[in-house]
Amino acid sequence: MYNRQNKGKIALISVHGDPSIDIGKEEAGGQNVYVREIGEALGGKGWQVDMFTRKVYAEQANIVEHSPNVRTIRLAAGPEKFIGRDHLFEYLPEFVKSFFNFQAQTHTLYPIIHTNYWLSGWVGLELRKHHLFRHIHTYHSLGAVKYRSVTTVPLVANTRLSVEKQCLETADCIVATSPQEEQDMRSLVSRGGNIEIIPCGTDIKRFASVDRDSAREKLLIDPDAKVILYVGRFDRRKGIETLVRAVGRPEVRKHEKLQLIIVGGSQPGQIDGLERERIETIVEELGLEKITFFAGQISHSELPNYYAAADVCVIPSYYEPFGLVTIEAMASGIPVVASDVGGLRFTVVSSKTGLLVESKNSPAFAEAINRILSDPAWGKELGRAGQRRVNSFFSWDGVASQMEDLYQCQLAHLHREFFATKVVS
Ligand code: UDP
């Protein structure tokens with residue numbers, strides 16, 4: 001709800017993750033959701049929030065008003081076309097210039113700038129050379145972790161690693177979304193700098209709004225079907241192959257009326273389109289075409305139906321700093337089977353809200369999925385416990401309150417810094 005109080009201005013910078021676009025394709029995922037939800041929740045609490053992103057297409061509006069005090073502002077930075085995040089670094093100086101122009105034209109200064117992902121972190125470091133503000137940063141993904149699990153690293157890898165280290169050591173506060181992410185920062189990036197743990201959240205009302213029967217009716221799913229759900233981007237590190245190979249194993253296949261639903265968008269010829277083709281080939285190779293349904297990109301308004309219709313949601317990622325899909329499934333009352341990695345160890349309590357399984361291990365995933373499908377009463381119990389856990393710890397409103405406390409504290413530091421500068425000069 002719109003709150004007329006004006007607590008101050010905040011800039012959320014998310015160069016490659018536009019908070020206003022459709023989620024689930026062209027690299028749009030958790031970061032876009034995070035920025036938008038935090039922006040809107042803070043707007044509701046009386047902050048003036050501007051969310052800055054790169055303008056990707058000529059036909060996109062330069063400014064999108066979400067509510068009277070929350071906007072997405074699209075800045076010029078490079079050609080108006082989709083450019084993958086590994087190729088955006090060279091356009092960041094133009095982004096910084098556009099940000100300064102916007103500030104000058106609108107006579108706006110932001111005492112708090114919260115950057116998201118290393119590209120925006122670099123922007124924050126550059127802005128700091130010219131202005132006094134408090135710099136908060138959320139990584140969303142750490143190069144030091146990511147490059148351990150890929151065979152070819154992009155050309156920009158060294159730059160990324162050094163920007164991530166500089167951010168950790170010099171930003172005023174780093175927001176880690178899970179204790180596991182904090183540990184990774186400390187062991188792989190640097191011992192210096194301030195870290196605070198504030199988790200991601202989810203819209204608990206939206207995801208608990210649909211019941212299983214009406215969801216199945218709407219999606220034309222047999223009431224007796226056993227539905228296994230995947231939601232997320234087509235990216236090799238999401239481990240969709242592990243899931244498909246698990247479904248192909250006899251302990252899962254033995255279930256009658258089995259269905260595997262894979263939700264997520266892709267563009268033919270792009271990285272996500274190529275991954276979808278690779279997954280389709282594995283589905284065919286295992287003879288799973290008849291029971292596998294590629295739903296494509298689904299909006300957040302429709303997604304609750306998919307979660308509610310499922311018997312189990314599987315998150316087979318090789319690594320996740322947090323993993324929004326997990327808490328969305330839990331908020332929907334659905335048991336999860338997730339890789340025993342990163343932030344998934346924080347959100348999922350194994351044997352209480354779902355099962356944690358060794359990543360990349362299809363037989364282990366098959367066994368866990370089979371345990372849940374074979375005992376629907378236990379599955380429901382896990383789902384209910386998951387829902388309680390999300391309600392207690394992971395609502396956007398609760399997360400935004402923690403973020404607000406952090407900002408207030410940073411503002412107090414800024415005032416002290418400002419007056420110290422005045423006294424000295
Ligand atoms: N998502 C969506 N539609 C899709 C696929 C994904 O809205 O078709 C959303 C999903 O609901 C979640 C986000 O994309 O909110 C993915 O976030 P997560 O943290 O799980 O993964 P990331 O994309 O950040 O790696």
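What follows is a short chat about the predicted model shown above.

Visitor: What am I looking at, and how many helices and strands does the chain have?

Guide: This is a predicted model. The chain holds 17 helices and 14 strands.

Visitor: How compact is the chain?

Guide: Its radius of gyration is 22 Å, close to the 22 Å that the globule rule gives for 425 residues, so the chain is as compact as a globular protein of that length. The C-alpha trace spans about 75 × 45 × 40 Å along its principal axes.

Visitor: What share of the residues is buried?

Guide: Of the 425 residues in the chain, 47% are buried.

Visitor: And the contacts, how many link residues 24 or more positions apart?

Guide: Taking contacts with a separation of 6 or more, 68% of them join residues 24 or more positions apart.

Visitor: Different topic. Which domains does the chain have?

Guide: The domain assignment gives domain 1, made of 9–201 + 395–424, and domain 2, covering 204–393. Their centres, taken over C-alpha atoms, are 29 Å apart.

Visitor: How many residues are in contact between domain 1 and domain 2?

Guide: On the domain 1 side there are 23, and they are in contact with 25 residues of domain 2.

Visitor: Which elements of domain 1 give two or more residues to that side?

Guide: Those are α1 (30–44) and α6 (179–189). The most comes from α6, which gives 3 residues.

Visitor: What about nonpolar, polar and charged residues there?

Guide: The side of domain 1 that touches domain 2 has 8 nonpolar, 11 polar and 4 charged residues.

Notes: Residues numbered from 1 in each chain as written. Predicted model: local features only at pLDDT ≥ 70, side-chain atom pairs only at ≥ 80, totals over all residues. Domains from an automatic or database assignment. Contact = placed C-beta atoms within 7 Å. Helix = DSSP H or I, 4+ residues; strand = E, 2+ residues; numbered from the N terminus. Nonpolar A, V, L, I, M, F, W, Y, C, P; charged D, E, K, R; others polar. Rg over C-alpha atoms; globule rule 2.2 N^0.38 Å. Buried ≥ 20, exposed ≤ 12 C-beta atoms within 10 Å, placed from the backbone.
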